[in-house]
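Visitor: I should like to learn how to read the features of a model such as this one. May we proceed feature by feature?

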Amino acid sequence: MSARVWEAVVGLEIHVHLKTRTKMFCRCAVAYFDEPNTHTCPVCLAYPGALPVANRKAVEWTVKLGLALGSEIPDEAIFSRKNYFYPDNPKGYQISQYDRPLCIGGSLRVPGADGDREVRFVRAHLEEDAAKTVHVGGGTGRKVGSAHSLIDFNRGGTPLVEIVTQPDIRSSEEARRFLQLLRQTIVELGISDAEMEKGTLRVDANVSVRERGEEGFRTRWELKNVNSFTFVGRGIDAAVREQIELYEGGGTVQQDTYDYEPSTDTLTPHRSKEEADDYRYFPEPDLVPVQPDHAMLERLRAELPELPGLRIVRLRDEVGAATAQTLVMGGLDRLWSDVRAEGADPTTAANVIANNLVGAAVDAGRVDPKELAKLIAARAEIPRKTFDEAIARSGDEGFSADPYLEQKAVAAASELEPIVDRVLEANPGQVAAYRGGKTGLLGFFVGQVMKETNGGADPRAVNELLRTKLGA
């Protein structure tokens, strides 16, 4: 009897703070690291009689995101009250959107070396964030085991977009790639910095498993409070592993919400998962419906840049999938395009930017494409050490490649031959081993010659001369 083959079924909920200056329904400043409870007012503290006023910029940016994701923007969207009682929610309800959100459907194409994945969206809706709960004591930062909890209402009311995907993701790696691309898209739209470390992007994962070929979906677990894409992936793997063990052991999966603990690679029950009925949604009576007009839609559509997913697809035929991913996700592809326009070889330019420039921690936005193109063109003619020094300084103000181009590498055989002879004479054992078939030692000899010349020799000329002498 063949073993059962399982597959993961993952849907994601991505919560993104919009970088507006003021909160969603009042004019308090959005401030992340100021003293707790210093940016509050009667509206965000839910004083009786205080009325909300929607943040126009937050509405526009949510619509802009929807247009970028190919969502339908309905003629009318409404805000609703989502009722729940928790210390971070002074009103006893959250102003959110439910059955009539700003953005419906859409999808994101996620390029990959093994094929592209189309991840569909259910919706993207706009709401206010809750206050920040700080759990003190216990060492984990979570409620379980803490001595007490404090509330910082500065965050309460921050404009928040929740993006909900269909359960189209089939592995933790697909989830990670999707999240990276979605985050890059959001950042390039200019609507959020989407930093998990700062809390401006948070991810919940809904995870279930099913047998390969099975139709429909089984009971899911929701993973909350995951603070990095790596941990999202590891949490998905842990949930998949535990659910498969339950099913194969004859058990059943109960719908629940979990925290993922990275240090132990385990899941801890968080609380039972509420459904829509538990929140008792109803239209917010103090806010009028949102009706995006045609002029606003056309203006926002005209502001959309070429999105990163499309750029990866365009570049990968020229530089390969992995390099295209590195360039685009690192915000380096525009520099690559400019350097290429200056006449640099596309593949060499991609490798230098993705490897040398990144390795030297140079800000790509400060690099002069013309000067970098000069360096790339002369890469084989100047010493490696000189090239590395030039790359490291390429982001300096007023940088010129010319002084570095004057330092030509030693390539003449008449200059290199005595050095090569000394290296071979000093290493007779390695010479014999090379001639006996250990050709990988060629790199050792090249390294010795480069050391003797203080990195000033042309590696290609050294390789050719060594091969000639060792093959004799």
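Guide: Let us begin with strand pairing. Strands of a sheet pair through backbone hydrogen bonds, either parallel or antiparallel. In this predicted model, strand β1 (residues 6–17) is joined to strand β9 (residues 159–165) by five bridges, and the two run antiparallel. Within that pairing, Ile 14 lies opposite Ile 163 of β9.

Visitor: How many bridges join β1 to strand β10?

Guide: There are 11 bridges between β1 and β10 (residues 201–211), and these strands also run antiparallel.

Visitor: Which residues of β1 are buried on each side?

Guide: In a regular strand the side chains alternate between the two faces of the sheet. In β1, one side carries Trp 6, Ala 8, Val 10, Leu 12, Ile 14 and Val 16, and the other carries Glu 7, Val 9, Gly 11, Glu 13, His 15 and His 17; all of these are buried. The count for the strand is accordingly 12 of 12 residues buried.

Visitor: What is the strand order in the open sheet of three strands?

Guide: The order is β3-β2-β14, with antiparallel pairing. β3 (93–96) and β14 (282–283) are the edge strands, each with a single partner, so one side of each has no neighbour in the sheet. Four bridges connect β2 to β3, whereas two connect β2 (residues 80–83) to β14.

Visitor: Is Glu 284 buried or exposed?

Guide: Glu 284 has a relative accessibility of 4%, and therefore counts as buried; the cut-off is under 20%. Glu 284 is located in the loop between β14 and α5 (294–303).

Visitor: With which residues is Glu 284 in contact, beyond its neighbours within four places in sequence?

Guide: Those contacts are Phe 79, Ser 80, Arg 81, Tyr 93 and Ile 95. With Arg 81 there is a polar contact, side chain to side chain, at 2.9 Å. The C-alpha atoms of Glu 284 and Lys 82 are separated by 9.1 Å, although the two residues are 202 residues apart along the chain.

Visitor: Let us turn to helices. What span should helix α6 have, and what are its end C-alpha atoms apart?

Guide: Helix α6 (residues 308–319) has 12 residues and should span 16 Å at 1.5 Å a residue; the end C-alpha atoms are 15 Å apart, which agrees. Its buried residues are Pro 308, Gly 309, Arg 311, Ile 312, Val 313, Leu 315 and Val 319. They pack against β5 (107–110), α2 (172–189), α7 (321–329), α8 (333–341) and α9 (346–359). After α6 comes Gly 320, with a positive phi near 95°.

Visitor: Where do the buried residues of α16 fall, seen down the axis?

Guide: In α16 (residues 459–471), the buried residues are Ala 461, Val 462, Leu 465, Leu 466, Lys 469 and Leu 470. Seen down the axis of α16, these buried residues fall within an arc of 150°, so they line one face of the helix. The face turned away from that buried side bears the exposed residues Arg 460, Glu 464, Thr 468 and Gly 471.

Visitor: Which contacts does Ala 239 make beyond its neighbours within four places in sequence?

Guide: Ala 239, in helix α3 (residues 229–248), is in contact with Val 207, Trp 221, Leu 223 and Leu 267. At 0% relative accessibility, Ala 239 counts as buried.

Visitor: Finally, what radius of gyration does the protein chain have, and what would a compact globule have?

Guide: The protein chain has 29 Å, whereas a compact globule of 472 residues would have a value near 23 Å. The C-alpha atoms fill a box of roughly 90 × 65 × 45 Å along the principal axes. Buried residues make up 48% of the chain, and its secondary structure comes to 16 helices and 14 strands. Of the contacts between residues at least 6 apart in sequence, 70% join residues at least 24 apart.

Notes:
Residues are numbered from 1 along each chain as its sequence is written. This is a predicted model: local features need pLDDT of at least 70, side-chain atom pairs count only at pLDDT 80 or more; totals for chains, interfaces and linings use all residues. Side-chain values use heavy atoms; hydrogens and water are left out. The expected span of a helix is 1.5 Å times one less than its number of residues. Buried means under 20% relative accessible area, exposed over 50%, partly exposed in between (1.4 Å probe, protein chains only). The arc is that of the directions from the helix axis to the C-beta atoms. Two strands pair if DSSP finds at least two bridges between them. Contact means heavy atoms within 4.5 Å. A polar contact is a pair of N or O atoms within 3.5 Å; within protein, one must be able to donate a hydrogen and the other to accept it, and residues adjacent in sequence count only if both atoms are side-chain atoms. The radius of gyration is taken over C-alpha atoms; the globule rule is 2.2 Å times the number of residues to the power 0.38.
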